Amino acid sequence: MIKTVSELTGVKSEVKTMLVTGGAGFIGSNFIHYMLKQEKDIFIVNLDKLTYAGNLENLKDIENRKNYKFLKGDICDSRLLDIIFKEYDFDFVVHFAAESHVDRSILEPNIFIETNVVGTASLLCSAKKKWEESEWHEKRFLQISTDEVYGSLREDKKSDKFTEKTSLKPRSPYSASKASADHLVKSYFYTYGLPTLITRCSNNYGPYQFPEKLIPLIINNALNNKMLPVYGDGKNIRDWLYVEDHCDAIYTVLRKGKPGEVYNIGGNNELENIYIVNKICEMLDELYPIKNNLKFKIQNLKSVSYKDLITYVKDRLGHDRRYAIDATKMKKDLGWAPHSVFEEKLKDTIGWYLKNRDWVKHVTTGEYEKYYERMYD
Ligand code: NAD
Ligand code: DAU
């Protein structure tokens, strides 16, 4: 039975309620940690289906907080959404839940349409239904989108960057599903005046990222003496954003952003994939030299650097060449800019994965999927 906010906190009027969808994933869980540090008068409901990408171990340290509640559920389930919206009367919706991995979207596009498009449509519908019962101009529905909706930039024209005015030209099933969701979100603003906003950010990195994405995959494979797959010529460019900077940007948009607007969020770190892979190897060589790594000792290999594991593999289908974000609007209108220095935060991220070998082990063995049954069933 879901308890109401006043039952849980005892102080209804002061407390803002926030629905975070997909809060057991990488960015969502970082965002929940971040918000609970920033705001004491907040009550967060985390609605997550716990797909392979959802990991409640990410939220272990806050799961007993009085102002946090986890609900297992699907954003495509309209009935459930209506019940939750009625119970909690949300002030904010921060919508992260999605299928997020481009490679998977190439193999299995339909689930991306279901979750990213139909799920977003269901969420918009329930928010509108509940919010139109009273004044809604203070409410905020924030769609967390991606720079990938803009398509791919030429690598030889470095001055080209995505602005909020760049037209949408998604090129993978993942980015097409996110672009569709963005259109739906906008349509609710134009048609009904629902106070929606959209943020589009570049590649995030940091703690709790599922090791199927480039940075954690390379760290994890290297530590386990597995090949480090680099797609194509390794020269595709992404703009890397530390996840805490992203959380800070989202918080800024929730407080200061204007409904109906789109905000681009980037890290000012345009880097080739091969540069990142080499950097990770160099940092690991320093932080966890191969001579101390049991995985190498056992096989009696002669490698001295993790770089020996780098392997160029077949390119991703339709692989976007370059992304680059122009985040001038965030700076000019909302006073936000990223703070992190890439190489410092990359080292911290590697340090996090080294320190949290159990977390990685649970993810790779599937142990993390039992956490919900142990804690909530
Ligand atoms: P993630 O894959 O790590 O997490 C997604 C979360 O959504 C998981 O916890 C999963 O269980 C949940 N989920 C999936 N389907 C659901 C459903 N039907 N109902 C409820 N929950 C469901 O993703 P992430 O990397 O944290 O990305 C979060 C959001 O940010 C996504 O919308 C993604 O498109 C966007 N984004 C991510 C990046 C990035 O670099 N990771 C960059 C730009 C935008
Ligand atoms: O740009 C924002 C997007 O960033 C988000 O919207 C997505 O949700 C997120 O997954 C991410 O997409 P990418 O496809 O850019 O991320 P990924 O980590 O999968 O790949 C980064 C780059 O590294 C890309 O050019 C492909 C390449 N790559 C990836 C993997 C997994 C490799 O060369 N080898 C690999 O094994």
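How many of the 10 residues of H7 are buried? The number is eight, and H7 is accordingly mostly covered. The legends below describe a predicted model, in which local features need pLDDT of at least 70, side-chain atom pairs count only at pLDDT 80 or more, and totals for chains, interfaces and linings use all residues. Residues are numbered from 1 along each chain as its sequence is written, chains are lettered from A and ligands numbered from 1 in the order in which they are written, and side-chain values use heavy atoms, with hydrogens and water left out.

**View 1. Helix H7 and the residue that follows.** Helices (H or I, at least four residues) and strands (E, at least two) are DSSP runs, numbered from the N terminus. The buried residues of H7 are Ile215, Pro216, Ile218, Ile219, Asn220, Asn221, Ala222 and Leu223. Here, buried means under 20% relative accessible area, exposed over 50%, and partly exposed in between (1.4 Å probe, protein chains only). After H7 comes Asn225, with a positive phi near 60°.

**View 2. The surroundings of ligand 2.** The shell of ligand 2 holds 23 residues, of which Thr146, Asp147, Tyr174, Arg316 and His319 are the closest; a residue belongs to such a shell if one of its heavy atoms lies within 4 Å of the ligand. By class, nine of these residues are nonpolar, eight polar and six charged. Ala, Val, Leu, Ile, Met, Phe, Trp, Tyr, Cys and Pro count as nonpolar, Asp, Glu, Lys and Arg as charged, and the others, Gly among them, as polar.

View 3. A polar contact is a pair of N or O atoms within 3.5 Å. An N or O atom in the side chain of Asp147 is 2.5 Å from an oxygen atom of ligand 2, and for the side chain of Asn203 the corresponding distance is 2.7 Å. Leu214 takes part through a backbone N or O atom, 2.8 Å from an oxygen atom of ligand 2. Alone, ligand 2 exposes 690 Å², of which the protein buries 94%; accessible areas come from the Shrake-Rupley method with a 1.4 Å probe, and for residues only the protein chains shown count as cover. Helix H7 (214-223) and strand E8 (228-231) are the elements that give two or more residues to this shell, and E8 gives the most, with three.

**View 4. The surroundings of ligand 1.** Around ligand 1 there are 29 residues, and Ile27, Asp48, Ser100, Tyr174 and Lys178 come nearest. The shell comprises 12 nonpolar, 12 polar and five charged residues.

**View 5. Polar contacts of ligand 1.** Polar side-chain atoms approach oxygen atoms of ligand 1 to 2.5 Å in the case of Asp48 and to 2.6 Å in the case of Lys178. From the backbone, an N or O atom of Asn204 lies 2.9 Å from an oxygen atom of ligand 1. On its own, ligand 1 has 830 Å² of accessible area, and the protein covers 96% of that. Two or more residues of the shell come from each of helix H2 (26-38), strand E5 (140-146), helix H6 (173-192) and strand E7 (203-205); the largest share, three residues, belongs to E5.

**View 6. The protein chain as the setting for these views.** The chain contains 14 helices and 12 strands. Buried residues make up 55% of its 377 residues. The C-alpha trace spans about 70 × 50 × 40 Å along its principal axes.

Key: Polar contact = N/O pair within 3.5 Å; in protein donor to acceptor, adjacent residues only side chain to side chain.
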